[in-house]
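Hi there,

Here is the structure I promised to send over. Have a look at it first, and my notes on what turned up follow below.

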Amino acid sequence: MAALLLEFPPPPFLNCNHHQFLSSSKTSLRLHNFPSKTPPPPPPPFTPTTTICFLSTVTSSAISKEEKEKGPHSTAVASTRAPDEGSQQDRRKVVQIAWEKLVRWSRSWRSKNNKTDLLERTNKVVVLGGGSFGTAMAAHVAYRKSSLEVQMLLRDPLLCQSINENHCNCKYFPEHKLPDNVIATTDAKAALLDADFCLHAVPVQFSSSFLEGIAEYVDPDLPFISLSKGLELNTLRMMSQIIPQALGNPYQPFVLLSGPSFALELMNKLPTAMVVASKDKKLAHATQQLLASSHLRISTSRDVTGVEIAGALKNVLAIAAGIVEGMNLGNNSMAALVAQGCSEIRWLATKMGAKPSTITGLSGTGDIMLTCFVNLSRNRTVGVRLGSGEKLDDILSSMNQVAEGVSTAGAVIALAQKYNVKMPVLTAVARIIDNELTPKKAVLELMSLPQVEEV
């Protein structure tokens, strides 16, 4: 009861063996004691009902029948909760209003910007490559419009037959049926004829030779949407450089699609968010209209370098994260390693002209988190098996998909040397892949680095 009284102005009869009074400030209560010459008069009797008289906000209507039956003490305690309940209701109201404003803004924006004319004008899309992600994007685009012709250009005649006869990519998605408007072919000329968009899903290391072989059939105004992530090992080129150079057209329209996205989840139509990056703002918005759907959000960016470098380097970092997992080094080391890797990617990307905000966005941190922490990641799987003691050649020979981080690691280090950036974690991965350093030795070396200020 004494604790309850401290919340309210003290009654004038509060006396003890000395004359006492309380002086208050905005922040504290101070107790002053003075010797008494005469004994103080006895205080009036104090009962719980006296306490209730100080609770000016409590009325009889606010006290339930059950509380009255429990007695005045329970009534006083219950009454102190009333302001908190009111505050909680106020907070809920604020949240509700904020959410309603967001929904109204979203509906208003969509009503003004929900353009579908580009999709209506698009009649044909070609997909280069029949891997998991190329197949998933082919299916996604085909579902956007049933009359849209989606042709997949492949090298494997048997896979073509499977897709055309069974509507299934038996190699990567044996349990998923592809839309009827997805057609596979090995004929480059037929696939590229009258195409409105081209989705490039060929692995980076094979892209240049593949594109040179079909260059004569490519319309110089055909927009290329690159789905490939990585750096070309010998030349350090990115896809934004490889595509126009391989096609012999420096003005070939180019867009990059990147972000945290597993092909399997796209096939299952689970909510996903990605980024399209292009120096051509109109082309980025056109690609956004082509790809965006109820389960795929597409943001736009003009920072092609940032999106591309983040997408390439995160694969190398994922191998490092897998090594930590394979060696059972614990969650502390995993967090420390990925944080250090994120910093290294930011250092190099910004030196190359990227925006720091890109590295902390969907195509940077978002893709890094997905690739480093989820078992579906091919590059992480390579790292886990390396950390468990398996040989790289055995790992790669047992995989039916390409882990781009293996090829990219050496290119990343060459690029870091070119821009004079220190990248200890990613360099360690490159040396492990080259069989010049064991995972255990790499951990010891990294832990022995100088203790420096975080940047």
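A residue counts as buried when its relative accessible area is under 20%, as exposed when that value is over 50%, and as partly exposed in between. Please keep in mind that this is a predicted model.

Let's start with the cysteines. C372 has 0% relative accessibility, so this residue is buried, and C198 is also buried at 0%. The structure holds 0 disulfides. For C372, the closest cysteine sulfur belongs to C342 and is 6.9 Å away, which is too far for a bond.

Next, the charged pairs. The whole structure has 8 salt bridges. One of them joins D367 to K314, with 3.8 Å between the closest N and O atoms. D367 sits in helix α17 (residues 362-373) and K314 in helix α14 (residues 304-326), so this pair ties together parts that are 53 residues apart in sequence. Both partners are buried: D367 has a relative accessible area of 2% and K314 one of 7%.

R385 and E390 also form a salt bridge, at 2.9 Å from N to O. Here R385 is partly exposed at 21%, and E390 is partly exposed at 34%. Another bridge links E436 with R431 at 3.0 Å. Through shared partners, salt bridges also connect K229, K314 and D367 into one network.

The charged end of K269 lies over the ring of Y143, 3.9 Å from the ring centre. And W99, L102, W105 and W109 make a nonpolar surface patch of about 530 Å²; of these, L102 belongs to helix α5 (residues 82-113) and is partly exposed at 41%.

Best wishes

Notes: Residues are numbered from 1 along each chain as its sequence is written. This is a predicted model: local features need pLDDT of at least 70, side-chain atom pairs count only at pLDDT 80 or more; totals for chains, interfaces and linings use all residues. Side-chain values use heavy atoms; hydrogens and water are left out. Patches are made of residues with over 30% relative accessible area and no salt bridge: like charges are joined within 9 Å, nonpolar side chains (Val, Leu, Ile, Met, Phe, Trp, Tyr) within 5 Å. Accessible areas come from the Shrake-Rupley method with a 1.4 Å probe; for residues, only the protein chains shown count as cover. A salt bridge is a side-chain nitrogen of Lys or Arg within 4 Å of a carboxyl oxygen of Asp or Glu. Helices (H or I, at least four residues) and strands (E, at least two) are DSSP runs, numbered from the N terminus. Buried means under 20% relative accessible area, exposed over 50%, partly exposed in between (1.4 Å probe, protein chains only). A charge sits over a ring if NZ of Lys or CZ of Arg is within 6 Å of the ring centre and within 35 degrees of the ring normal. A disulfide is a pair of cysteine sulfur atoms within 2.5 Å.
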